[in-house]
Amino acid sequence: MRIALFGGTFDPPHRGHIAIATAAANAFALDRVLFAPTGLQPLKIDTNPTPFLIRMKLVEAACQEDPRFTATNIDAPDPDQSPNYTVDTLTSLTALLPEDTLFNLVGADSFLSLRQWRSPDRLLSLAEWIVVTRPGHSLTEPALALLALTPEQRNRVHILTGIAEDVSATSLRIRLHIGDPCHDLLPEPVAAYIALHHLYR
Ligand code: ATP
């Protein structure tokens, strides 16, 4: 099978996430997209996200949008409160799914910070990468050159253009906080869960 890991804070999951997962699944004939909320994001260590179990519920709701989408708790918080590193997640998935072709799905902003991630070179060897365009984040060759990829690494990075969903979880949280249900930007099951549990108020 062709399987993509799609990690993120997902606080909350929104139409941008659904759009990129759908586009990636269509373009790369993915059988599964594994939505993996991150327990403790190493590059967002000073933030205070919504508790993991609630984000997990929201991601489960978002995954109702497409039968290829599955929520996984593979990146649940570590009992010792240490950050969740994608290199560890992909290493575990490689061991669990030795017969499958693994992809790592990210938006442009995440990919452009790759050199700040733990073990970037190993990350590029553990999976093929699908990088999706995001408004405000340039994926031009000069921008990519800053990542200093070898030709072999560059061949494992697939850029998916044409997606231009100008939505972020940060702006959504602000709107939700002031009472806007954000039906235009949230998958319906996610909007319903947020309303039922009075989240982000
Ligand atoms: P925040 O605003 O809180 O930083 P976010 O909207 O960027 O959140 P994350 O859950 O951190 O969402 O993102 C998970 C992954 O989805 C990342 O790889 C990110 O680049 C990608 N992503 C999120 N929103 C978009 C979007 N609108 N277009 C393309 N990629 C996106």
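In the predicted model, the largest nonpolar core comprises 37 residues, of which Leu-30, Val-33, Phe-35, Leu-105 and Ile-130 touch the most other members. At least two residues of this core are supplied by each of β1 (2-8), α1 (15-27), β2, α2, β4 (101-107), β5 (128-132), α8 and α9. The most is given by α1, with seven residues. A second, separate core of 25 residues includes Leu-90, Trp-117, Val-131 and Leu-139. In soluble globular proteins, nonpolar side chains tend to be buried together.

Phe-35 of the largest core is in contact with Phe-6, Phe-10, His-17, Ile-18, Ala-21, Val-59, Cys-63, Phe-69, Thr-70, Ala-71 and Thr-72, when residues up to four places away in sequence are not counted.

Two further residues were examined in the region of β2. Arg-32 is placed in strand β2 and counts as partly exposed, with a relative accessibility of 33%. Its contacts, leaving aside neighbours within four places in sequence, are with Met-1, Arg-2, Ile-3, Ala-4, Pro-67, Arg-68 and Thr-70. The C-alpha atoms of Arg-32 and Leu-5 are separated by 8.6 Å, the two residues being 27 residues apart along the chain. Thr-38 lies in the loop between β2 (32-37) and α2 (52-62). The relative accessible area of Thr-38 is 9%; the residue is therefore classed as buried, the cut-off being under 20%. Residues touched by Thr-38, not counting those up to four places away in sequence, are Gly-7, Gly-8, Thr-9, Phe-52, Arg-55, Asp-75 and Asn-84.

Helix α8 (residues 169-177) has Ala-169, Leu-172 and Leu-176 as its buried residues. These residues lie on the same side of α8, because they cover an arc of only 55° around the axis. The buried residues of α8 pack against α9 (188-196). Just after α8, a positive phi of about 95° is found at Gly-179.

Leu-176 also contributes to the second largest pocket, where this residue, Pro-181, Ile-194, Ala-195 and Arg-201 lie nearest the centre among the 13 lining residues. The volume of this second largest pocket is about 160 Å³. Helix α9 provides the largest share of the lining, four residues. By class, eight of the lining residues are nonpolar, three are polar and two are charged.

Conventions: Residues are numbered from 1 along each chain as its sequence is written. This is a predicted model: local features need pLDDT of at least 70, side-chain atom pairs count only at pLDDT 80 or more; totals for chains, interfaces and linings use all residues. Side-chain values use heavy atoms; hydrogens and water are left out. Buried means under 20% relative accessible area, exposed over 50%, partly exposed in between (1.4 Å probe, protein chains only). The arc is that of the directions from the helix axis to the C-beta atoms. Contact means heavy atoms within 4.5 Å. On a 1 Å grid over the protein atoms alone, a cavity is a set of points where a 1.4 Å probe fits but cannot get out, and a pocket is an open set with protein on both sides within 12 Å along at least five of seven lines; lining residues have an atom within 4 Å of a point. Grid points are joined across faces, edges and corners, and a volume is the space filled by probe spheres set on the points. Ala, Val, Leu, Ile, Met, Phe, Trp, Tyr, Cys and Pro count as nonpolar, Asp, Glu, Lys and Arg as charged, and the others, Gly among them, as polar. A nonpolar core is a set of buried Ala, Val, Leu, Ile, Met, Phe, Trp, Tyr and Cys residues joined through side-chain atoms within 4.5 Å.
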